[in-house]
Amino acid sequence: MTTGPAASLDCTTCTDTEKTPVTLLGLGAMGTALARSWLAAGHPLTVWNRTPSRARALAAEGARAVENAAAAVAANTLVVVCLLDDAAVEDTLTGTDLTGKDLVNLTTGTPAQARARAAWAAECGARCLDGGIMAVPPMIGVPEAGGFVLHSGARDLFDQYRDTLAVPAGAVHVGEDPGHAALHDVALLSAMYGMFAGAAHAFALIRRDDIDPTAFAPLLADWLTAMAAAVHGTAEQLRDGDYTKGVTSTLAMQVAGTPTFLGTAEEQGVSPELLAPFFALMRRRMDEGGGEEDLTGVIDLLLRRPECPRRPA
């Protein structure tokens, strides 16, 4: 049984003035936000969710809710998947007819899973883009919030649906390799968690003193923003292979200052466990002869494969 307005038109029947119909599988917090953004923009939307009540709620807002994934996939050419994990994608799409469908998988996964899923989709007769959502649900459909969605796979497929994919948040194509959206996603989130770790240590240092954290927070945010520009220098050094290029503060100078950070943590009764591993890598790189470099050489220490590129002698 279906509810809501008449069945969505397949995009092959749309005129230039009509919005591309979308099928969306998965209506968790993120999926629901995606759905509402497409509805608000006037896109015919067919939805399915394992928990029917979520689909019914969107039907009341103009979506077409169907009772199973196969019916949802059959409704439109563009099929967007936003589920818990790759196993859920496998379970949901098994038994559906993907022939001639354009699949956009926004489910968080690893690069290897994305590549395998794209190959599987091709075997099923579908084209596939993988995606990584760099936003939380409240940022979806709010352009000024700064969220964006990374996409990888065939560029012509991305270009065909660019306007539709950009409705929830900015759409960015990061390569033809299906795994590159997932790789960019995890790389960016890893940097985010590193920032959160540093912020956690900073707040811990002031926690027992008479310092208002809400007064400290703007200083911390401004400092992190100012330091973020350093990633451009790191990128240039990695590209050129010269880790001494444009160095302002050498690794040796920075290693010499680490006892102050560790000593302050001890005085404040704060565990050094968030900083100590990075400091250990810095010292190791210096001991290997990288004292005149920037921090970039630490990256090579994190690489497990001996054939990974190193700075020329």
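**Figure 1. Helix α7 passes helix α8 in a right-handed crossing.** This is a predicted model. Helix α7 covers residues 180-206, and helix α8 covers residues 213-228. The two helices pack at an angle of about 145°. Their axes are 11 Å apart. On the α7 side, the residues in contact are M195, A199, A202, F203 and I206. On the α8 side, they meet P213, F216, A217, L220 and L224. What classes of residue make up the contact of α7 with α8? The contact has 10 nonpolar residues, no polar ones and no charged ones.

**Figure 2. The whole protein, for orientation, has 12 helices and eight strands.** The C-alpha trace spans about 70 × 50 × 35 Å along its principal axes. The protein has 313 residues, and buried residues make up 39% of them. Now take the contacts between residues at least 6 apart in sequence. Of these, 61% join residues at least 24 apart.

**Figure 3. Y193 and F196 form an aromatic pair in helix α7.** The structure holds three aromatic pairs. A pair of aromatic rings is described by the distance of the centres and the angle of the planes. For Y193 and F196, the ring centres are 6.1 Å apart. Their planes stand at 85°, so this pair is edge-to-face. The cut-off for that label is an angle over 60 degrees. Both residues belong to α7, three residues apart. That spacing separates Y193 and F196 by about one helical turn. Are these residues buried or exposed? Y193 is exposed, at 56% relative accessible area. F196 counts as partly exposed, at 43%.

**Figure 4. F261 and F279 form a tilted aromatic pair.** Their ring centres lie 5.8 Å apart, and the angle between the planes is 50°. F261 sits in helix α10 (residues 251-268). F279 sits in helix α11 (residues 276-290). The pair therefore ties together parts that are 18 residues apart in sequence. F261 is partly exposed, with 48% relative accessibility. F279 is buried, with a relative accessible area of 14%. The cut-off for buried is under 20%, so F279 qualifies.

**Figure 5. Helices α10 and α11 cross at roughly 150°.** Their axes come within 10 Å. How do the two helices run relative to each other, roughly parallel or roughly antiparallel? The angle makes α10 roughly antiparallel to α11. The crossing of α10 and α11 is left-handed. From α10, the contact takes in L251, A252, Q254, V255, T258, F261 and L262. From α11, it takes in F279, M282, R283, R285, M286 and G290. F261 and F279, the aromatic pair of the previous view, are thus among the contact residues. By class, the contact of α10 with α11 has eight nonpolar, three polar and two charged residues.

**Figure 6. L275 lies in the loop between α10 and α11.** Which residues does L275 touch, leaving aside its neighbours within four places in sequence? L275 is in contact with H201 and F261. F261 and L275 are 14 residues apart in sequence. In space, their C-alpha atoms are 8.6 Å apart.

**Figure 7. Helices α4 and α5 cross at roughly 15°.** Helix α4 covers residues 86-93, and helix α5 covers residues 111-123. Their axes come within 11 Å. The angle makes α4 roughly parallel to α5. Helix α4 passes α5 in a left-handed crossing. D86, V89, E90 and L93 are the contact residues of α4. Q113, R117 and W120 are those of α5. The contact of α4 with α5 has three nonpolar, one polar and three charged residues.

**Figure 8. G141 lies in the loop between strands β6 and β7.** Strand β6 covers residues 127-134, and β7 covers 148-153. G141 counts as partly exposed, at 39% relative accessibility. Leaving aside its neighbours within four places in sequence, G141 is in contact with S37, V167 and P168. How far is G141 from A276, C-alpha to C-alpha? The separation is 40 Å. Along the chain, G141 and A276 are 135 residues apart.

Terms used
Residues are numbered from 1 along each chain as its sequence is written. This is a predicted model: local features need pLDDT of at least 70, side-chain atom pairs count only at pLDDT 80 or more; totals for chains, interfaces and linings use all residues. Side-chain values use heavy atoms; hydrogens and water are left out. Axes are lines fitted to C-alpha atoms, for helices over the stretch in contact, and angles run from 0 to 180 degrees between N-to-C directions. Helices (H or I, at least four residues) and strands (E, at least two) are DSSP runs, numbered from the N terminus. Angles under 35 degrees count as roughly parallel, over 145 as roughly antiparallel, 65 to 115 as roughly perpendicular and the rest as oblique. A crossing is left-handed if the near helix is turned anticlockwise from the far one by less than a right angle, and right-handed if clockwise. Contact means heavy atoms within 4.5 Å. Ala, Val, Leu, Ile, Met, Phe, Trp, Tyr, Cys and Pro count as nonpolar, Asp, Glu, Lys and Arg as charged, and the others, Gly among them, as polar. Rings of Phe, Tyr and Trp (its six-membered ring) pair if their centres lie within 6.5 Å; planes under 30 degrees apart count as stacked, over 60 as edge-to-face and the rest as tilted. Buried means under 20% relative accessible area, exposed over 50%, partly exposed in between (1.4 Å probe, protein chains only).
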